[in-house]
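Please open the structure in your viewer and keep the selection tool at hand. The stops below say what to select next and what is to be found there.

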Amino acid sequence: MNVTKNTSMGRSLWADALRRIFHDKTALTCFAIICLYVAIAVMSPLVFPDWSACHDYNHRNEAPSWKYPLGTDALGRSVVQKVFLGAHVSITVGFMSNVIAIPLGMFLGALAGFFGRRLDDFIVWLYTTIASVPGIILLIALKFAFADHKLFSGSFAEVDLSGMAGVYIALGLTSWIGTCRLIRAETMKCKELDYVLAARACGRGDLAIMFRHILPNVIHIGIINFSLGFVGAISAEVILSFLNLGVQDLPSWGKMINEARMDLVVGRWWELSAAVIATFVIILAWNIFGDRLRDALDPKLK
Amino acid sequence: MTRYVFRRLVQAVFTVFGVMLLTFVLFRIIAGDVSTAYVNQKLGIEARQAFYEKHKLDRPSIFNFHKRLQFIDNTTGSHVFTIKDISGSMAARALNLHLAPPRHSANPVGREPLIMASRLVFALSASTPLSAMTDNKPLFASAPKTDGVASKGEGSPSLRFTLSDGTQFEGFVKPKETCGEFITAIQACPNNRGKLTVAFSSWSLVNVFDAQFFWHLWENVTFQGRSYATNQTLLEIIGQRAKFSLSITVPALVLTWLISMIISCFVAYYRGTWIDKFGVLLTVLGMCIPYLAYMLLGQWVMFKIAPEYAAGLFHPSSIYVPVLIAVVAGLGSEVRFYRTIILNEINKDYVRTARAKGVPLTSILFLHVLKNCMLPILTDLISTIPFLIMGALLLERFFGIPGLGDLLLTSITSRDVPIITGLTYLTAVLYVISLIITDILYAVFDPRIRLQ
């Protein structure tokens with residue numbers, strides 16, 4: 001009885017999703033681009049360790065050449081190097097803000113959806129409140145509130161909130177709402193299903209049901225939002241840096257656009273276009289990859 | 001229905017309260033003391049105190065259980081009621097006795113007693129040491145002389161009281177004196193004879209709410225918060241600036257809506273063909289270009305084509321470029337959203353029935369489908385209206401348009417707290433109202449939805 005396996009046995013959601021992604025050339029291309037950016041982001045601070053000493057006043061505002069493939073900026077620094085370090089900032093901010101936002105949103109959403117009543121009212125109130133303040137105001141406000149503060153000051157894990165950490169913590173604290181909303185709705189649905197009833201009949205406690213039985217069934221929403229959240233985080237970082245509220249001592253794409261805003265009229269296109277294209281490509285890749293991931297992971301869209 | 005609306009309104013009140021709480025914590029508690037940006041440090045502590053008092057920053061933050069020491073002048077006359085430091089005393093200054101300057105009326109009959117009040121102190125009682133009321137400021141210019149010397153008269157630090165009927169007397173200030181001792185010493189002065197009474201201010205419910213938090217709520221709700229920088233109320237500022245924001249955002253919204261409706265209908269009509277695919281590709285690409293790039297490129301292109309329009313807001317025609325940029329930047333996501341809604345609708349059974357009956361595709365699309373799509377599209381439109389008044393923050397900053405969005409960014413950098421909190425409150429209120437309207441619209445126009 002050699003029954004072929006794939007017809008008799010159901011595939012798990014994850015295996016199925018992986019298979020779908022793997023067969024999708026567009027998604028794979030986007031994933032490759034993302035991997036490239038991540039590699040650049042990880043490597044560039046190791047390759048170019050000291051950014052503040054890079055200026056070279058003999059080669060200011062030079063057009064692209066063999067020595068400087070993307071030209072130099074107003075202080076004679078290589079634009080390639082600047083873009084790569086900008087990738088470091090962008091990817092770090094995108095990653096860290098989602099590391100904060102997604103678990104926070106999932107946890108609060110699951111709590112609200114599972115326990116309902118007063119807790120639900122409170123969490124819904126919390127996210128409605130935060131959602132009714134325009135996002136950019138909240139971000140700038142948090143960034144300002146963080147201005148002179150440090151987390152865990154004095155300990156080995158001191159975090160200076162005036163720099164990059166401030167940006168991603170502010171982003172993380174403002175962008176959990178979408179995830180929370182979705183997870184809450186999904187948890188409310190899952191709570192009513194038979195397998196939860198069965199688990200309850202077997203005597204499992206509330207927390208065990210929530211973490212062991214419901215959360216694994218809604219975690220794909222977290223993963224989808226993690227990839228789509230990158231888009232928002234990267235754009236927000238660009239805007240914050242443009243307003244001079246972003247990262248201070250490292251170059252970032254928003255800062256590059258801000259510094260080069262008068263260059264276009266004079267004919268110096270390289271710094272601006274490098275930053276814009278770098279931002280555009282990564283946002284495009286995350287957008288498409290996030291969409292494909294959603295198609296692959298969300299069974300309702302099959 | 002009425003019950004639902006009522007419940008939504010109650011929720012809305014809670015949400016708006018939450019927003020005010022959030023802005024209070026962010027801008028008044030965490031942000032700390034902002035007076036350094038608005039009061040010249042060289043003017044000294046009095047100027048700063050005056051600033052605090054004007055903007056009610058001298059109040060305690062949440063509840064006011066503080067009391068004052070009140071010097072009540074019971075006499076009537078034409079002199080000015082003053083309390084002055086003489087011979088080395090700094091008590092009047094340290095106790096902040098300029099807080100309630102005496103009002104002087106021409107007609108002394110029936111006027112209320114003049115009151116000079118000291119600094120607010122939490123839990124003030126007769127046993128509170130006088131030095132606890134002075135915020136660590138010294139009561140004396142230098143170390144007071146010993147009691148033996150002081151009793152000889154002249155050199156001892158004291159307060160000179162001048163009452164409105166011209167009575168003058170001096171009360172001595174001693175080190176380590178409690179409030180109770182201070183009061184009895186002054187009331188026992190030989191010249192006093194009940195003309196000047198000293199008492200603790202009474203504690204009342206009004207006082208309890210005389211705190212920063214409740215002033216913050218009041219200022220927000222009435223839009224009477226005064227800018228630290230220009231001293232205008234928020235209402236005046238909105239009156240001056242809202243028109244600039246609206247002149248950019250309203251045309252941009254209308255145009256974006258119209259153009260994206262047309263494009264998405266077109267793309268949905270040709271769904272599945274290369275036109276559709278190309279359109280979707282364009283919208284995705286358009287969504288991924290950073291907003292800043294739109295602004296810079298738009299300005300540059302306009303500078304090449306018609307340089308006179310590319311500058312700031314000098315004449316009415318200057319709104320063309322910002323509006324154009326806002327429209328182009330918003331087109332991608334809108335077209336994509338509308339297309340999804342239209343395609344959702346096209347796949348429904350009634351469309352298939354109509355096609356089977358032989359209704360031409362164009363009339364299905366524009367008579368039936370579009371009508372059914374309008375509800376989600378209109379509600380989406382309504383939910384963006386509250387953000388119109390703030391204008392496009394970045395556009396206003398970039399093109400130097402003196403609207404509310406630009407004001408908000410400026411006041412955040414200069415920490416003009418009443419303006420930031422007031423504008424945030426305004427947006428939040430409009431947003432919450434638009435959400436309620438959206439829900440009600442759904443209930444009215446879509447009979448499948450029941451409000452509970």
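The axes are lines fitted to C-alpha atoms, for helices over the stretch in contact, and the angles run from 0 to 180 degrees between N-to-C directions. The model is predicted: local features need pLDDT of at least 70 and side-chain atom pairs count only at pLDDT 80 or more, while totals for chains, interfaces and linings use all residues. Residues are numbered from 1 along each chain as its sequence is written, chains are lettered from A and ligands numbered from 1 in the order in which they are written, and side-chain values use heavy atoms, with hydrogens and water left out.

**First stop: two helices**

Select helix H13 (residues 270-297) of chain A and helix H10 (residues 274-288) of chain B, which pack at an angle of about 125° with their axes 8 Å apart. Helices here are DSSP runs (H or I, at least four residues), numbered from the N terminus. H13(A) and H10(B) are therefore oblique to each other.

From H13(A), Phe280(A), Ile283(A), Leu284(A), Asn287(A) and Ile288(A) meet Val284(B), Leu285(B), Met287(B) and Cys288(B) of H10(B). By class, this contact has eight nonpolar residues, one polar and no charged ones. Nonpolar covers Ala, Val, Leu, Ile, Met, Phe, Trp, Tyr, Cys and Pro; charged covers Asp, Glu, Lys and Arg; the others, Gly among them, are polar.

**Second stop: the whole interface**

Now show both chains: 34 residues of chain A are in contact with 39 residues of chain B. Between them the chains bury about 3,200 Å², 83% of it on carbon and sulfur atoms. Buried area is the accessible area (1.4 Å probe) that two parts lose on being put together, summed over both. On the chain A side, select Ser132(A), Ile137(A) and Phe144(A), which lose the most area to chain B, together 17% of what that side buries.

**Third stop: single residues**

Is Arg117(A) buried or exposed? Arg117(A) is exposed, with a relative accessible area of 72%; the cut-offs are under 20% for buried, over 50% for exposed, and partly exposed in between (1.4 Å probe, protein chains only). Arg117(A) lies in helix H5 (residues 117-131) of chain A and has a positive phi of about 50° although it is not a glycine.

Finally, select Phe17(B) in helix H1 (residues 2-30) of chain B. Phe17(B) is partly exposed, at 33%, and touches Phe213(B) and Leu217(B), not counting residues up to four places away in sequence.

How values were computed
Parallel < 35°, antiparallel > 145°, perpendicular 65-115°, else oblique. Contact = heavy atoms within 4.5 Å.
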